[in-house]
Amino acid sequence: MTTTGKGGIGRWRRAAGAAQGLLFLALPFVRLGGESALRFDVPTLTLHAFGAALAMNEFFVLLPATILVTFVFLTVTVAFGRVWCGWSCPQTVLSDLTRLVVPWPGKKKRPGRRAAGFAVTALVSVVFGAATVWYFVPPAEFLGDLAAGRLGPVAAGAWAATAAVLFLDLAFLRGQFCATACPYAKLQGVLYDKGTLVVAYDERRDADCVDCGACVRCCPTGIDIRDGLQMQCIACAECIDACRPIMLKLKRPTDLVGYFYGEPGRPRRLARPAVLALSAGTLLALAATAAAAGSAARNTLDLTAIASAAVAPSRSPDGSARNVFEVSLENRAHRAVAVRLSLALPPGVEGTLRPDAVELEAGEHKRVRLAVTARGGHGKLTATLTATTTGGERPLTRTSPLSLVFPEGP
Ligand code: SF4
Ligand code: SF4
């Protein structure tokens, strides 16, 4: 079982796959706002995505984004079948890159070909295994540590494990993964309708088939397209390319095996109720994702304040109360900011705070101990701490309530 087609659809499919492979390798090297274009930083639990930095407490953006991806998948599957599997799935893309590892039907056996196939598969596994780690560890840091021989056990272990899994999959499992284990494949049966784009055999022209078996030999999942639509078919179109030259030789129309919307002979109808409903859901999810991302992008300053557990409120001989708070400030913007702290107190109460200004570098998180001295109050009252930035992309203001205690004694 392998792929054979040199020209036809296979050529375009493999070019698209190679472009996607290059994109996967190159994306971690693209830097936007001083960070990888796409990377999850484990120590700070921050997702860097195309210039934006999403902290753990902003992962609410991922909920509409996940719904959006789900809707896109459903819409594309109902309209265009398994176009993802055949043209974009990493399993297919990497299987194409390592096709030297499987026997080549119709070609003379060449000694060393299989060994070369394993070597290529090992190389692809090692390179793509490393690239997977670069989505967590910056590639410059990874490669620098590797060159210096000080790659940490976590990064090295993740790399080795990913490369090993990829090698076993690409060398031995390949299309059988799609046919037996892939959960997306199992979903197809319920998502397809009578107008979904599929690779199919035109049974109306059964008399044109010379039963040469080329379409079966080339199939990466080992099925016979002439048996009808099957769950194992990944719509890779290899069988279309295999049958085409035979039909050309016989001077028959070349689409005995081809792409069809539903059954061969049916008119194409893309604007079907299911497609329209899922497209509407996709647009709604897109709007929700954009709104959530916009909100996260605007909120680049975090402020929290809690009463100090180490220093209890106290009363000075001059009658003023002293309260201490632990204040956390985080600047998730790409520029340094100066933060001014101010206090709003109830009428009749006066107070000062120290410090009243904090400098934050880009991406910096700082904890400061804030001392509030107030007079004119009794018992407990609530004040408001306000943090205002200057020097960033735009001024930002955040507030946090402070519970002030006025003890009776010192
Ligand atoms: S039957 Fe499906 S999986 Fe097999 S070669 Fe044809 S399109 Fe690819
Ligand atoms: S490649 Fe075409 S002619 Fe040959 S067996 Fe398949 S469908 Fe029939």
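**Close-up views of a predicted model**

View 1. Val199, Cys219, Cys233, Cys236 and Cys239 come nearest among the 14 residues around ligand 1, where a residue counts as near a molecule if its C-beta atom, placed from the backbone, lies within 6 Å of it. By type, this shell holds twelve nonpolar residues, one polar and one charged. Here Ala, Val, Leu, Ile, Met, Phe, Trp, Tyr, Cys and Pro count as nonpolar, Asp, Glu, Lys and Arg as charged, and the others, Gly among them, as polar. A word on the source: this is a predicted model, in which local features need pLDDT of at least 70 and side-chain atom pairs count only at pLDDT 80 or more, while totals for chains, interfaces and linings use all residues. Residues are numbered from 1 along each chain as its sequence is written, and chains are lettered from A and ligands numbered from 1 in the order in which they are written.

**View 2. The surroundings of ligand 2.** Ligand 2 is surrounded by 14 residues, the closest being Cys209, Cys212, Ala214, Cys215 and Cys243. Two or more residues of this shell come from each of α10 (214-217) and α11 (238-249), and α11 gives the largest share, three residues. Helices (H or I, at least four residues) and strands (E, at least two) are DSSP runs, numbered from the N terminus. The shell around ligand 2 divides into eleven nonpolar, one polar and two charged residues.

**View 3. Val337 in its strand.** Look for Val337 in strand β11 (residues 337-344). Val337 is buried because 24 other C-beta atoms lie within 10 Å, and the cut-off for buried is 20 or more.

How values were computed: Buried ≥ 20, exposed ≤ 12 C-beta atoms within 10 Å, placed from the backbone.
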